[in-house]
Amino acid sequence: MRFQVNRDVFSEAVSFVVKLLPQRNPQPILAGVLIEAGDDGLTLSAFDYEASARTTIDATVDTPGTILVHGRLLSDIASRLPNAPIEIAVEEDGGIAVTCGSARFTLAAMPVEEYPSIPEVSGSSGVVPADDFGTAIAQVGFAASRDDVTPVLTGVQLEVSGQNLSLVATDRYRVSLRDVPWDGEASEQTALVPARTLTEVGKTFGHAGTIQVAFSGSGDREIIAFTAGNKTVTSLLIKGNFPPVRRLFPEQTDHYAVVNTADLIEAVRRVALVLDRAAPLRFTFTSDSVTMDASGSEQARASESVDAHLTGGADVTLGLNPQYLTEALSAVKSEFVRVTFTSSDNANKLSPVLITSQTSVDQAGSDSFKYLLQPNLLLR
């Protein structure tokens with residue numbers, strides 16, 4: 001096999017396909033990138049049985065063929081090569097020669113015949129706006145659990161209903177929900193996608209115009225595919241029942257406070273500096289302000305107030321995890337934020353707060369993004 005390819009195009013393609021591979025793979029063969037050279041140019045693929053990435057780029061192919069080479073090493077080399085065309089060829093001894101200008105590398109070939117088949121997707125599909133989808137993933141993905149003990153909570157639930165696609169994630173302490181427009185064949189569909197994979201999809205495809213989403217497979221090999229331009233990412237779905245968290249979102253939202261988002265984020269970060277790890281921050285909402293109080297170790301204390309407008313009820317004091325709150329505030333994407341105090345039928349259980357966007361002090365924003373956060377018990 002022998003081909004010539006643009007250095008920047010090739011480097012970007014290799015970087016894309018290796019991005020989803022785990023840093024340490026128990027099977028060395030899965031650390032490889034499969035490069036297929038043919039009449040249509042180059043197809044680069046990576047697959048670890050759970051996620052795959054594939055892209056096709058233009059190249060001048062002198063001799064068609066297929067090679068498998070260590071992906072991260074090739075990516076590191078390609079990103080540092082001089083600004084000149086790259087030539088890659090299989091040598092007589094089976095090694096893979098990479099030449100660019102005066103730089104030359106010889107890499108070991110991995111056995112192509114041992115590499116697993118990249119999954120093909122042929123199920124129902126639809127299209128979402130790439131910018132909306134990328135933003136939605138960023139607004140929801142952080143709320144997924146990072147604890148593998150409960151796999152279903154490490155994913156983001158995608159739910160197609162009519163002309164709407166919802167993304168939902170929870171780690172039991174919070175729930176994040178975002179809706180985006182959906183245009184496609186599937187009118188009712190659910191898929192539980194690993195949050196790590198979906199986050200990479202959002203970063204890679206967020207400015208692609210539109211993204212095609214396809215559902216395929218059955219049983220233990222259900223997969224979802226995301227395609228934009230010449231790039232495709234597939235992911236094996238997480239098996240299990242996602243908790244019915246939608247019912248936790250309240251319908252009545254009469255008791256709430258409106259606060260400037262940036263001011264609240266900065267104040268929370270400052271006051272939380274004295275808090276012990278994982279300790280809640282005390283918030284007191286009154287008619288014209290919200291006051292944050294924190295007591296930490298070594299007698300350190302802090303407090304700060306920010307202007308707020310409380311509507312529909314009495315003053316409220318509660319404890320909130322400052323990291324979980326600031327993550328939600330950063331995801332709101334609006335100048336003001338509405339913090340709604342919900343009610344519960346259980347008098348012994350704290351009710352979650354609902355966080356949504358607010359265009360101005362008096363005008364609610366879009367309801368496409370909602371975030372529920374469970375308060376903490378205040379012990380003082």
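Which hand does the crossing of α1 and α2 have? The crossing of these two helices is left-handed, a term used when the near helix is turned anticlockwise from the far one by less than a right angle, with right-handed used if clockwise.

1. Basis of the note. This is a predicted model, in which local features need pLDDT of at least 70 and side-chain atom pairs count only at pLDDT 80 or more, while totals for chains, interfaces and linings use all residues. Residues are numbered from 1 along each chain as its sequence is written, and side-chain values use heavy atoms, with hydrogens and water left out.

2. Overall make-up. The protein has six helices and 26 strands, taken as DSSP runs numbered from the N terminus (helices H or I, at least four residues; strands E, at least two). Its C-alpha atoms fill a box of roughly 80 × 50 × 35 Å along the principal axes. Of its 380 residues, 50% count as buried, that is, under 20% relative accessible area, with exposed meaning over 50% and partly exposed in between (1.4 Å probe, protein chains only). Among contacts (heavy atoms within 4.5 Å) between residues at least 6 apart in sequence, 67% join residues at least 24 apart.

3. Helices α1 and α2. The axes of α1 (residues 7-18) and α2 (residues 71-80) come within 9 Å and cross at roughly 150°; axes are lines fitted to C-alpha atoms, for helices over the stretch in contact, and angles run from 0 to 180 degrees between N-to-C directions. On the α1 side R7, F10, S11, V14, S15 and V18 take part, and they meet G71, R72, L74, S75, A78, S79 and R80 of α2.

4. Helices α3 and α4. Here α3 (residues 130-140) packs against α4 (residues 195-205) at about 140°, with axes 8 Å apart, which makes α3 oblique to α4. This crossing is left-handed. A130, F133, G134 and I137 of α3 meet L198, T199, V201, G202 and F205 of α4.

5. Nonpolar cores. A nonpolar core is a set of buried Ala, Val, Leu, Ile, Met, Phe, Trp, Tyr and Cys residues joined through side-chain atoms within 4.5 Å. The largest has 106 residues, and F10, F133 and L167 have the most contacts inside it. Beyond its neighbours within four places in sequence, L167 touches residues including F133, I137, V156 and L198. A second, separate core of 12 residues includes V152, V175, L177 and F242.

Notes:
Angles under 35 degrees count as roughly parallel, over 145 as roughly antiparallel, 65 to 115 as roughly perpendicular and the rest as oblique.
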